[in-house]
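Please read the points below alongside the sequence and the coordinates.

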Amino acid sequence: MTIRHHVLGGAGQIRYTHGMGTRPLGVSDGQRALMATISAEMDERGISIRALASDLGISHTRLAYVLRNERAVTYDEVAAMCSLLGLSLWRLLRQIEIGG
């Protein structure tokens, strides 16, 4: 069984293909929790979506979709967001895992 990942179109929606069908990857509860934490951190620090997106090298519309949980996020994007915000990705993931 082979799963191939593709990024399709300008919206950056991640899809996977297997066999004959394709479907968008859903947004997990973990992503929702991560994006809530990252959004809160951005608000607390006064960092705009445009500023963070520019530093990440992605469009502000892509970041806005991700932060609103309308698009799946990649590990690399989350790791870069955490790095730019001075957050520990491991600690955030652990916090979400234990529900705190």
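**Notes on the predicted model**

1. The largest nonpolar core has 18 residues, and those with the most contacts inside it are M35, I38, L63, V78, M81 and C82. A nonpolar core is here a set of buried Ala, Val, Leu, Ile, Met, Phe, Trp, Tyr and Cys residues joined through side-chain atoms within 4.5 Å, where buried means under 20% relative accessible area, exposed over 50% and partly exposed in between, with a 1.4 Å probe and protein chains only. At least two residues of this core come from each of α1 (29-45), α2 (49-56), α3 (60-67), α4 (75-85) and α5 (89-98); helices (H or I, at least four residues) and strands (E, at least two) are DSSP runs, numbered from the N terminus.

2. Residues are numbered from 1 along each chain as its sequence is written, and side-chain values use heavy atoms, with hydrogens and water left out.

3. V78 is in contact (heavy atoms within 4.5 Å) with L34, M35, V73 and L89, once its neighbours within four places in sequence are set aside. L89, which is placed in helix α5, counts as buried because its relative accessibility is 12%. Not counting residues up to four places away in sequence, L89 touches L34, Y75, V78, A79 and C82. L89 and L34 are 55 residues apart along the chain, and their C-alpha atoms are separated by 9.2 Å.

4. Which residues of α2 are buried, and which are exposed on its other side? The buried ones are L52, A53 and L56; seen down the axis of α2, they fall within an arc of 100 degrees, so they line one face of the helix, the arc being that of the directions from the helix axis to the C-beta atoms. On the other side of α2, R50, S54 and D55 are exposed. The cover over the buried residues of α2 includes α1, α3 and α4. Just after this helix, G57 takes a positive phi of about 80 degrees.

5. In α3, the buried residues are R62, L63, A64, V66 and L67, and what covers them includes α1, α2 and α4. N69, in the loop between α3 and α4, has a positive phi of about 60 degrees although it is not a glycine.

6. As to rings, R71 lies over the face of Y65, at 4.4 Å from the ring centre; a charge sits over a ring if NZ of Lys or CZ of Arg is within 6 Å of the ring centre and within 35 degrees of the ring normal.

7. For the chain as a whole, there are five helices and three strands, and along the sequence they follow the pattern β-β-β-α-α-α-α-α. Buried residues make up 30% of the 100 residues in the chain. Among contacts between residues at least 6 apart in sequence, 46% join residues at least 24 apart. The accessible surface, from the Shrake-Rupley method with a 1.4 Å probe, comes to about 6,400 Å², of which 52% belongs to carbon and sulfur atoms.

Terms used
This is a predicted model: local features need pLDDT of at least 70, side-chain atom pairs count only at pLDDT 80 or more; totals for chains, interfaces and linings use all residues.
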